[in-house]
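Hello,

Here is the structure I promised to pass on to you. Have a look at it first, and then read my notes below.

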Amino acid sequence: MDFAVKLRYFIIRRILLSIIVLFGVCVITFFIARVIPANPAAMWVGAHPTQEQIERAKKELGLDQPLHIQFLIYMNKLLHGDLGVSIRTHRPVIEDILSYLPASLELVGTGMIIAVIIGIPLGVESATKKDSWIDHVSRLLSIGGVSIFTPWLGMMGQLLFFKWLGLLPVGDRISTIVSIQYPIQKITGFYLIDSILSGNFVAFQDALAHIILPALVVAAYPMGLVTRMIRSTMADVLEEDFIRTAKAYGIPGRIVAYKYALKNSLGPTITVLALSFAYSLVETFLIEMVFNWPGLGRYAAFSIISLDYPAIMGIAIFIAIVYILLNLIVDLLQAVIDPRVRLG
Amino acid sequence: MKARFREIRYSLYVLKRNRLTYVSSLFVLFLIFVAVIGPLIVPYPEDAYGAVHPERAFKPPSFEHIFGTDDAGRDIFSRVIIGARISLSIGVIAIVLTVLIGVPLGLIAGYMGGFIDEAIMRVTDMFLSLPPLLLALVFAAVMGLRGQSFNNVLVAIAIAWWPWYTRLVRGQVVSLKERPFVEAAHAAGVRPLKIMFRHILPNCLTPILVQASLDFGSVILTAAGLSFLGLGAQPPTPEWGLMLSIGRYYFLNYWWLATFPGLAIFVTVLAFNLMSDGLREALCPRLRRF
C-alpha cells in the first residue's frame, strides 16, 4: 500500500524535475545561441549574407525585441520542432536530424550491445576470480577502453583490417554495388534488421561487414565502464551474507554469481550504461567522421567544421533532450527495481 | 603536523604496494619531465611550429626521423614530444579553471544552505544534465565566431566540467558543516568566508584532488576531440588531436602519420588514469582493504 503511493510520488517528482531541467537546458541553449554571439542573425543565415537575408533573420528571430520576448519566440519554435534551416544542406535541421538518426542509432545500439555482451561476463569473471589472469586482462581492457582516443582506434582498425588484411571495408554503411543490386527495403531504417526481415542475406552480410569495425570502436568506452562497474559492485555483493548462504547450500558458483549476485549489481550498471549511451552519441561525431558513416554524428561533425550554427544548436538541443529523457527513464526504472531508491 | 606527515607517508606506502599504480605514477612523472624539457631534447625543434621541408615529406620511420616525417616534411617525433607539452598544459589549465569555478560554488552552496543552495544546485543540475563533451563542443563552436583560438578549448572544457566539482564539494561541505570544529570557529566569531576557505576547504581537498586526477585523462581526450574537429588548436600547432585529423588524409598510405600521435594520447591518458585510479584507492579510506 505504502509502496505504491511512494512510487507514484517518486515518479511525479522525478518527471517534474525533468521538465524543469529541460526548461533550464532551453535557457542555456538560448543563451549560447542568441546572447553570446556578437551577431546572432549572421550566425543564423551563414557566411556572406545579403542585407535582405539579415533583415529577414532579424525579424524571424525577433532580434529587435526585448530578450524575454526573444526567448518566448525561441521556445515557441522549439515546441513546434522548428530548429531552423541548415546553412550547409539548406534543409530544415529537424528533417536532417530525423533522416540521419536511424543510422546512428543502429551504430551506437550495436556498439552498446557488444559492450554489454563482452563487458558483463568479463566483469563477473573478474570479480569472482580476483587476481587471476582474466582479472588482469579485464582491468587492462576496461581502463584501456576509457583511455583510448576513439578516432585513433578507428583509424588503427582501418589500417589493420582494411589496408593490411583486406578483410573489412574502410567505411560507409554498405557498398555501392550491393546497394544497387540488392537494395535493402526500408522497414525500420536499421540495415541489419531490415535486410534480415526481407530475406536479403547478401545485403545483411555486407551491412554487417561495414558495421562491425565502427561498432567495436563505439563499444570500447562503454565496455570499459561496464566491466569496471560490474567488477566493483559484484566484488561488494559477493562479500554479502546471502551469497555465502547460497554457497553453503551447495549452489554451484556460476549460478550464484550470475543469478543472485549479478542482479544486485545491475542497478548502478544501468545508470552507467545510460551515461555512456549519451557519451557515445557525442563520440560518434568523431567515429562517424573517421568511417564516413552517414549518421547524425557525421552530420554533426560536418556542421561543426563548416560552422553551420543552426545545425549545431539543433543537434545540441536534440541530444540534450534525448539525454534528459534517457536519465528519466533510467531513474524511473531504478525506482521500480530497487525499493531503496524510492524510499530513500 | 606530525599526524599529517604520517598520513602522507602511509598513503605513499599504499600507493607503492600496487605495482601498476606505482609504475604509472613514475611514468606520469616521466611524461611531465619530457614535456618540460621537450624543446631542449628533440632533434628538430623548429619542426614543431613553423618550419616546413617539403622535400622531406612522407619519409617512413628511420634513424634520422624516429617517427618519420609528415606531409610538410616535419619530424613527427619532435612534434609528438612537444605536443606533450601542449596537451599537459591544456589539462592542467583547464582543470584549474574548472576547479576555480566549481569549488567555490560548491562551498558557498553547501555552507550557506537555504535558497542560495537550492539556486546553485538547480543550475548545477541543469548543466549536469548535458553530456560534457557536447557542451564543450557547442561552446567552442560558438566561441569560435570570435576566431579560433587555444583559449576557446580551455574555457569550453571548464564550462563543461565545473558542475561535477560543485556537486562533489557541496556534498562534502554539507557533511562537514555539522562538525564541532566548524561550530567552534563560528562561535569564536570567524567570518563565514574564512570558515569556508580556511577551515572547511582543506578537509575537502582529497576528493577534489582525486576527482581532478581522474578527470585529467578525460580532459586531454576532450581537447584532442575538439582539435580533431577543427575547434581549438590550429595548424601548425603540434597538438596530438590536430595531428591525427591531418594524418587522417594520408595514413592509409603513410601509416606513421596517425599511429604515433594517437599512441601518445593513449599512453598519456592511460598513465594518468591508472595513476589516479590507484590514487583514489590510496586516498579514500573507505576503499582500503586491509
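**What I found**

Gly50(B) sits in the loop between α2 (19-41) and α3 (76-112) of chain B; helices here are DSSP runs of H or I with at least four residues, numbered from the N terminus. From Gly50(B) to Gly114(B) there are 64 residues in sequence and 56 Å in space, C-alpha to C-alpha.

Please keep in mind that this is a predicted model, where local features need pLDDT of at least 70, side-chain atom pairs count only at pLDDT 80 or more, and totals for chains, interfaces and linings use all residues. Residues are numbered from 1 along each chain as its sequence is written, while chains are lettered from A and ligands numbered from 1 in the order in which they are written.

Now to where the chains meet: 37 residues of chain B and 39 residues of chain A take part in the contact, counted when C-beta atoms, placed from the backbone, lie within 7 Å. On the side of chain B that touches chain A, two or more residues come from each of α4 (114-128), α5 (132-143), α8 (192-228) and α10 (256-283) of chain B. The most come from α10(B), with 10 residues. That side of chain B has 26 nonpolar, 8 polar and 3 charged residues (nonpolar: Ala, Val, Leu, Ile, Met, Phe, Trp, Tyr, Cys and Pro; charged: Asp, Glu, Lys and Arg; polar: the others, Gly among them).

Best wishes

Notes
Contact = placed C-beta atoms within 7 Å.
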